[in-house]
Amino acid sequence: MVRLLGAQDRLLGAIEKEHPAVSVHVRGNEMTLSGETTQVAAARRLIEELLVMIREGRDLAPAEVVSSARMLGEDSTSSPSVRLGPPILTSRGKSIRAKTVGQKEYVDAIDTDTIVFGIGPAGTGKTYLAMAKAVQALQRKEVERIILTRPAVEAGERLGFLPGTLTDKIDPYLRPLYDALGEMMEPELLPKLLAAGTIEVAPLAYMRGRTLNNSFVVLDEAQNTTPEQMKMFLTRLGFGSKMVVTGDVTQIDLPAGSSGLRLVTRVLDTVDDIRFVRLTSADVVRHSLVGRIVDAWTEYDALRQAQRIESEQAHEFVKRGPERPGGIRDRFPKRRPS
């Protein structure tokens with residue numbers, strides 16, 4: 001029962017939020033539901049599915065409660081525990097798996113397509129799941145090495161010159177990738193694989209001139225690549241390799257704002273064996289507030305874009321003017337004197 005309620009009753013709160021018309025009462029190991037019959041039945045179905053996941057050893061988060069409720073709302077006979085699939089990876093007793101329908105689509109795309117783009121807001125598990133699939137492929141001997149890369153672009157602030165060797169200078173940019181690897185592999189194994197070159201973590205500039213055969217390659221923070229860098233990276237693809245490109249087009253830190261990720265969605269959208277998976281705030285698996293922040297920011301950006309277009313149209317109208325060729329008077333023929 002404790003695992004069903006969650007830390008600080010967060011899972012219970014998520015259940016109540018999904019079924020506000022149902023009153024949930026917990027006493028000891030017993031849970032009682034009260035309310036309208038159909039609403040109670042839906043809440044009971046959700047709880048039964050959550051219990052199945054718990055028995056399978058899953059550590060549930062509120063995001064999984066929300067995604068499970070959404071799946072059951074679409075089809076009450078479906079089983080979220082089945083639809084979300086088995087674990088991708090198990091390390092130190094912790095299972096890594098898709099937690100939302102969008103994440104499951106993303107994971108399935110990585111299995112079936114050679115190049116996959118995971119595009120979505122922060123907290124949707126784009127990089128984490130891609131790295132889990134990379135480690136899984138290495139363990140299954142489907143690839144010979146893992147290559148993790150990202151552009152060395154500062155996030156809106158100048159860090160200045162960093163001391164130390166070249167490795168020391170680029171390490172801050174790559175630290176998130178090392179941290180994720182540390183959660184997926186045994187502490188004593190990771191340094192050996194890094195030293196042997198079986199796992200390589202490097203800035204994007206190091207990819208130029210290489211052909212990456214039999215590799216699982218992950219490009220993170222791809223929104224901060226230029227169009228030239230994106231083309232350079234994608235053309236490194238060799239035989240027996242797979243590429244996953246992740247990014248968030250709302251967090252571009254390039255000075256000019258010209259993003260290779262934004263361009264590639266238009267250039268390669270119809271190319272076979274390349275898949276674009278777009279995750280949304282519904283796939284955020286961090287704190288529930290992150291999803292609301294993403295939605296608010298998206299709404300603000302859409303409003304600002306609409307205002308910018310309206311301002312440009314008004315400016316163009318004033319610029320053309322009634323007396324200029326192409327102005328409003330030229331749209332209507334002059335009346336001939338009677």
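User: Contact here means heavy atoms within 4.5 Å. In this predicted model, which residues is Tyr-106 in contact with, leaving aside its neighbours within four places in sequence?

Analyst: The model is a predicted one. Tyr-106 is among the residues with the most contacts inside the largest nonpolar core. Once its neighbours within four places in sequence are left aside, its contacts are Val-116, Gly-118, Gly-125, Lys-126, Leu-129, Ala-130, Val-244, Thr-246 and Val-277.

User: How many helices and strands does the protein have, and what share of its residues is buried?

Analyst: The protein has twelve helices and ten strands. A residue counts as buried when its relative accessible area is under 20%. Of the 338 residues in the protein, the buried share is 41%.

User: Among contacts between residues at least 6 apart in sequence, what percentage joins residues at least 24 apart?

Analyst: The set consists of contacts between residues at least 6 apart in sequence. Within that set, the part that joins residues at least 24 apart is 67%.

User: What part of the accessible surface belongs to carbon and sulfur atoms?

Analyst: The accessible surface of the protein comes to about 19,600 Å². The part belonging to carbon and sulfur atoms is 54%.

User: Which element gives the most to the largest nonpolar core?

Analyst: This core has 35 residues, and Leu-148, Leu-181 and Phe-216 are among those with the most contacts inside it. Elements that each supply at least two of its residues include α6 (101-112), β6 (145-150), α8 (166-184) and β8 (215-219). With eight residues, the element that gives the most to this core is α7.

User: Why is α7 described as largely enclosed by the rest of the structure?

Analyst: Residues of α7 that are buried include Leu-129, Met-131, Val-135 and Leu-138, as well as Lys-126, Lys-133 and Gln-136. α7 is largely enclosed because, of its 14 residues, the number buried is twelve.

User: How far does α7 reach from its first C-alpha to its last, and which residue with a positive phi follows α7?

Analyst: From first C-alpha to last, α7 reaches 20 Å, close to the 20 Å expected for its 14 residues at 1.5 Å a residue. The residue that follows α7 has a positive phi, near 65 degrees, and is Lys-141.

User: How many salt bridges does the structure hold, and how far apart are N and O in the one between Asp-108 and Lys-104?

Analyst: The structure holds ten salt bridges. Asp-108 and Lys-104 are four residues apart in helix α6, so about one helical turn separates them. Asp-108 is partly exposed at 32% relative accessibility, while Lys-104 is buried at 19%. In the salt bridge between their side chains, the N to O distance is 2.8 Å.

User: Which residue forms a salt bridge with Asp-220?

Analyst: The closest N and O atoms of the two are 2.5 Å apart. Asp-220 lies in the loop between β8 and α10 (227-234), and the partner, 70 residues apart from it, is in strand β6. That partner is Arg-150.

User: How many residues apart in sequence are the parts tied together by Arg-150 and Glu-221?

Analyst: Arg-150 also forms a salt bridge with Glu-221, with the closest N and O atoms 3.6 Å apart. Glu-221 is partly exposed, its relative accessible area being 27%. Because Arg-150 lies in strand β6 and Glu-221 in the loop between β8 and α10, the pair ties together parts whose separation in sequence is 71 residues.

User: What distance separates the C-alpha atoms of Arg-292 and Ala-282?

Analyst: Arg-292 is placed in helix α12 (residues 288-320). Arg-292 is partly exposed, with a relative accessible area of 45%. Arg-292 and Ala-282 are ten residues apart along the chain, and the separation of their C-alpha atoms is 9.5 Å.

Terms used: Residues numbered from 1 in each chain as written. Predicted model: local features only at pLDDT ≥ 70, side-chain atom pairs only at ≥ 80, totals over all residues. Heavy atoms only, no water. Core = buried A, V, L, I, M, F, W, Y, C linked by side-chain atoms within 4.5 Å. Buried < 20%, exposed > 50% of the residue type's maximum accessible area, 1.4 Å probe, protein only. Areas by Shrake-Rupley, 256 points an atom, 1.4 Å probe, with all protein chains shown as cover. Expected span 1.5 Å × (residues − 1). Salt bridge = Lys/Arg side-chain N within 4 Å of Asp/Glu carboxyl O.
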